[in-house]
Amino acid sequence: KRAGQLIKDVQMSGKSLDIVDKGHNDPQTRADRASQQLIISALAQHFPQLTIRGEENITIENSSDTPDINELVDTNLQEVLQATCPTEFRELQEKDLVVWVDPLDGTREFTEGRLEGVTVLIGFATQGNAIGGIIHQPFYADGNEHGRSVWGIVNSGVYGKCILSSKPLPGRILAGSLSHRSKTVVDAVNACEPSEVLQAGGCGYKVLLVLERRAHVYVHASRGCSLWDTCAPEAVLKAGGGMLTDVFGNKISYLSTNETSVNTGVLATMENHDWYAQRIRETITL
Ligand SMILES: Nc1ncnc2c1ncn2[C@@H]1O[C@H](COP(=O)(O)O)[C@@H](OP(=O)(O)O)[C@H]1O
Ligand SMILES: [Mg+2]
């Protein structure tokens with residue numbers, strides 16, 4: 001939430017975003033850097049044994065600006081403490097966890113002023129499995145409320161401001177990338193025979209569309225996503241009863257020693273996961 005506020009401050013300041021081009025269609029802004037600095041410095045200061053992997057290649061300074069974790073913990077802590085911790089995670093120690101941080105998912109959309117798809121993603125993994133995550137959407141607007149956090153623990157549930165529905169959604173609505181489209185991306189989308197395609201920014205945002213049943217499936221058949229894009233979304237979706245794998249239906253591993261790219265794309269659903277994976281397997285290679 002605090003990182004989301006920093007992102008909003010940068011956006012509201014009207015000053016230059018100080019964009020650094022990290023590669024084709026892969027920008028980094030002042031907001032990405034500030035958000036990562038805040039999240040990693042605060043976590044590392046208080047939980048020194050965590051393994052933390054952030055998207056941005058920046059030096060984290062242990063500055064006096066680093067907020068105290070206790071100061072960051074507000075009334076939301078009550079909600080966190082009320083969630084059940086599944087038995088299999090009760091003995092986990094700090095050193096057993098890898099934290100994957102995407103300080104600003106949907107950077108391309110952020111630079112273009114399409115703010116709905118911007119999220120802050122913090123995912124927790126152990127033994128290569130995504131087990132918990134937070135998706136914070138700083139520019140979410142609902143009446144007077146601005147910004148929301150949706151978080152989940154696998155085998156416990158999804159918490160925060162999230163509209164879960166079991167009502168079937170008509171048609172076959174597919175959420176796909178707005179900014180990263182190639183022939184393979186489009187071929188995989190078509191293989192799923194969608195009745196409608198929602199082009200939207202950010203992995204976190206598209207997973208929220210699936211979780212809240214505003215889309216049936218999110219498909220991104222590209223080598224461009226990374227473990228920080230998928231860890232928190234996978235954990236939150238799984239906590240809500242859904243699935244996130246690569247486009248062929250294979251499990252993604254979140255070991256800290258792994259290559260950080262998810263070379264075989266992303267597939268996220270609440271239902272019929274195998275059907276989509278099979279259609280995509282029959283149509284494309286990556
Ligand atoms: N072909 C590609 N090239 C570079 N980055 C890609 C990509 N495909 C996906 N990504 C990354 O995956 C995330 C979601 O992409 P999209 O918005 O297209 O769905 C973005 O993360 P960031 O915004 O955190 O950099 C984006 O950079
Ligand atoms: Mg990202």
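Hi everyone. Let me start with one definition: two residues are in contact if their C-beta atoms, placed from the backbone, lie within 7 Å. Please keep that in mind while we look at this structure, which is a predicted model.

C203, G204, V207, V210 and L211 in α7 meet D229, T230, A232, P233, V236 and L237 in α8. Sorted by class, the contact of α7 with α8 has 8 nonpolar, 2 polar and 1 charged residues. Now, how do the two helices run? Helix α7 covers residues 203-211 and helix α8 covers residues 227-239; their axes come within 9 Å and cross at roughly 15°. Angles under 35 degrees count as roughly parallel, so α7 is roughly parallel to α8. The crossing of α7 and α8 is right-handed.

Helix α1, residues 2-13, packs against helix α2, residues 30-46, at an angle of about 155°, and their axes are 9 Å apart. Is that parallel or antiparallel? Angles over 145 degrees count as roughly antiparallel, and therefore α1 is roughly antiparallel to α2. Here, too, we have a right-handed crossing of α1 and α2. If you want to find the contact on the screen, α1 brings R2, A3, L6, I7, V10 and Q11, while α2 brings R30, A31, A34, S35, L38 and I39. Those residues divide into 8 nonpolar, 2 polar and 2 charged.

One more pair, and then we zoom out. The axes of helix α6 (residues 183-191) and helix α9 (residues 273-283) come within 8 Å and cross at roughly 130°. That angle makes α6 oblique to α9. Once again, α6 passes α9 in a right-handed crossing. Which residues make the contact? On α6 they are D187, A188 and A191, and on α9 they are R279, I280 and T283. By class, that gives 3 nonpolar, 1 polar and 2 charged residues.

Okay, zooming out to the whole chain. The protein chain is divided into domain 1 (2-160) and domain 2 (173-283). Taken over C-alpha atoms, the centres of domain 1 and domain 2 are separated by 20 Å. Their contact takes 40 residues from domain 1 and 28 residues from domain 2. Several elements give two or more residues to the domain 1 side, including β3 (51-54), β5 (119-126) and β7 (145-153). Which element gives the largest share of that side? The answer is β6, with 8 residues. By class, the side of domain 1 that touches domain 2 has 17 nonpolar, 15 polar and 8 charged residues.

Last stop: ligand 1. How many residues surround ligand 1? There are 19, and the closest are T107, S177, H180, G201 and G224. The shell draws at least three residues from each of domain 1 and domain 2. Within that shell, β4 (98-105) and α5 (107-111) each supply at least two residues. By class, the shell around ligand 1 has 2 nonpolar, 11 polar and 6 charged residues.

So, to recap the helix pairs: α7 and α8 are roughly parallel, α1 and α2 are roughly antiparallel, and α6 is oblique to α9. And around ligand 1, both domains contribute residues to the shell.

Definitions and conventions. Residues numbered from 1 in each chain as written. Chains lettered and ligands numbered in written order. Predicted model: local features only at pLDDT ≥ 70, side-chain atom pairs only at ≥ 80, totals over all residues. Axes fitted to C-alpha atoms, helices over the stretch in contact; angles between N-to-C directions. Helix = DSSP H or I, 4+ residues; strand = E, 2+ residues; numbered from the N terminus. Parallel < 35°, antiparallel > 145°, perpendicular 65-115°, else oblique. Left-handed = near helix turned anticlockwise from the far one by under 90°. Nonpolar A, V, L, I, M, F, W, Y, C, P; charged D, E, K, R; others polar. Near = placed C-beta within 6 Å. Domains from an automatic or database assignment.
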